[in-house]
Amino acid sequence: MQGFKNANVYVENLGIVKTNVAVKNGKIFAIGKDVKIDNPYPYKKGEIVFPAFIDEHIHGAMGYDFMDADSTALDSITNAIAKEGTVSVVATTMTASLPDIENAIVSIKDYMAKPNGGARILGTHLEGPFISETFKGAQNLKHILDPDISVYKNLNKKSKKTVKIITVAPEEKNAKDLIKQIVKDNIIASAGHSDAGVKDIEQAKKCGLNSITHTFNAMRGIHHREIGISGMALLDDDLYTEVIADLIHLSSPMLKLILKNKPKDKIILITDSMRAKFLPDGESELGGQKVIVKNGEARLINGTLAGSTLKMNQAIKNLLSLNVKITDAIDYATINVAKHLNLDKKIGSIKKGKLADFCVLDKDINVKLTIKEGKIIYKA
């Protein structure tokens with residue numbers, strides 16, 4: 001039986017324990033010290049076996065973007081991110097022309113239907129075009145649209161219903177009706193790139209909105225008489241909050257504020273990485289806009305942050321530097337995301353019957369091994 005033998009393993013409901021984990025037909029077959037393993041995965045003393053990471057908000061890596069809309073790009077991205085311990089992603093698109101968005105989601109849909117040797121794509125995260133012009137961030141102003149159910153339905157149809165998340169500004173005209181339709185279709189509605197106030201978020205929640213896109217970035221800040229979308233992200237315990245823990249998008253004190261105020265099961269680590277991840281500093285591109293990467297920071301010519309070059313294992317390491325427990329930090333990138341995506345019965349933790357998705361980290365949070373459905377897809 002293949003699996004991990006006498007390894008430190010983060011097992012659901014048990015914590016990090018010394019045990020064996022058997023894998024059969026791509027799933028976790030058994031867990032226990034008495035489980036026989038005659039074909040062990042590579043493992044060194046001191047390493048820890050964790051569930052593989054899930055990134056619900058990622059644009060690209062290794063010089064490619066999901067908007068490139070071809071299999072070479074998707075192969076390159078999914079193979080690259082295995083190096084950071086990520087096995088599942090929601091491919092994130094940009095605010096662009098509708099034909100370009102359609103091409104991207106169709107290519108993602110087609111890619112999902114075929115086996116590949118890297119991370120799996122769970123579906124598409126449409127980051128726009130239904131966002132606020134005021135808080136567009138690095139999105140392209142000329143392609144922003146008012147929320148429109150017919151446009152959404154066409155995109156979802158083109159994707160063969162593989163859209164998983166849609167970021168929308170809930171204060172915009174007709175946004176509440178769009179959110180109701182999105183949720184009715186079992187798609188996650190997330191508030192982002194938004195000038196929303198408290199009442200907007202409260203009303204959107206009643207329509208089914210349940211999360212905040214890259215919290216505190218590209219949204220109205222907190223004012224003492226109107227806490228807005230940012231304040232509601234902290235105040236409302238029901239809202240999932242996406243967090244870019246690169247210490248650039250959010251400072252250490254802001255990360256501490258989020259960690260102090262949010263329930264542990266509502267924090268979601270994302271990378272929001274763009275095509276420059278895994279590449280040297282220099283010129284890059286995002287959504288048809290020139291990006292300059294310097295010291296790992298990706299910015300438009302006007303200085304606006306344009307995604308990140310963050311790797312998920314580095315996000316974990318950054319949280320550990322803030323005295324976050326390692327199991328909590330791992331949960332933010334695994335089981336919390338799986339629950340948000342309604343996929344926690346299949347992925348997100350190490351438990352009998354779930355997919356055999358693992359990442360092995362050393363004491364310095366370097367990825368030594370990444371495994372998808374029992375098969376090694378990256379080895380350091």
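A: What follows describes the helix pair and then the cores.

This is a predicted model, in which local features need pLDDT of at least 70 and side-chain atom pairs count only at pLDDT 80 or more, while totals for chains, interfaces and linings use all residues. Residues are numbered from 1 along each chain as its sequence is written, and side-chain values use heavy atoms, with hydrogens and water left out.

The axes of helix H3 (residues 149–158) and helix H4 (residues 175–184) come within 10 Å and cross at roughly 25°; helices here are DSSP runs of H or I with at least four residues, numbered from the N terminus, and axes are lines fitted to C-alpha atoms over the stretch in contact, with angles running from 0 to 180 degrees between N-to-C directions. H3 and H4 are therefore roughly parallel to each other, a term for angles under 35 degrees. The contact (heavy atoms within 4.5 Å) is made by Ile149, Tyr152 and Lys153 of H3 together with Asp177, Leu178, Gln181 and Ile182 of H4. These residues divide into four nonpolar, one polar and two charged, where Ala, Val, Leu, Ile, Met, Phe, Trp, Tyr, Cys and Pro count as nonpolar, Asp, Glu, Lys and Arg as charged, and the others, Gly among them, as polar.

As for the cores, the largest nonpolar core has 44 residues, and Phe53 and Ile316 are among those with the most contacts inside it; such a core is a set of buried Ala, Val, Leu, Ile, Met, Phe, Trp, Tyr and Cys residues joined through side-chain atoms within 4.5 Å, buried meaning under 20% relative accessible area with a 1.4 Å probe and protein chains only. Apart from it lies another core, of 42 residues, including Met94 and Leu126.

Notes. Helix = DSSP H or I, 4+ residues; strand = E, 2+ residues; numbered from the N terminus. Parallel < 35°, antiparallel > 145°, perpendicular 65-115°, else oblique. Buried < 20%, exposed > 50% of the residue type's maximum accessible area, 1.4 Å probe, protein only.
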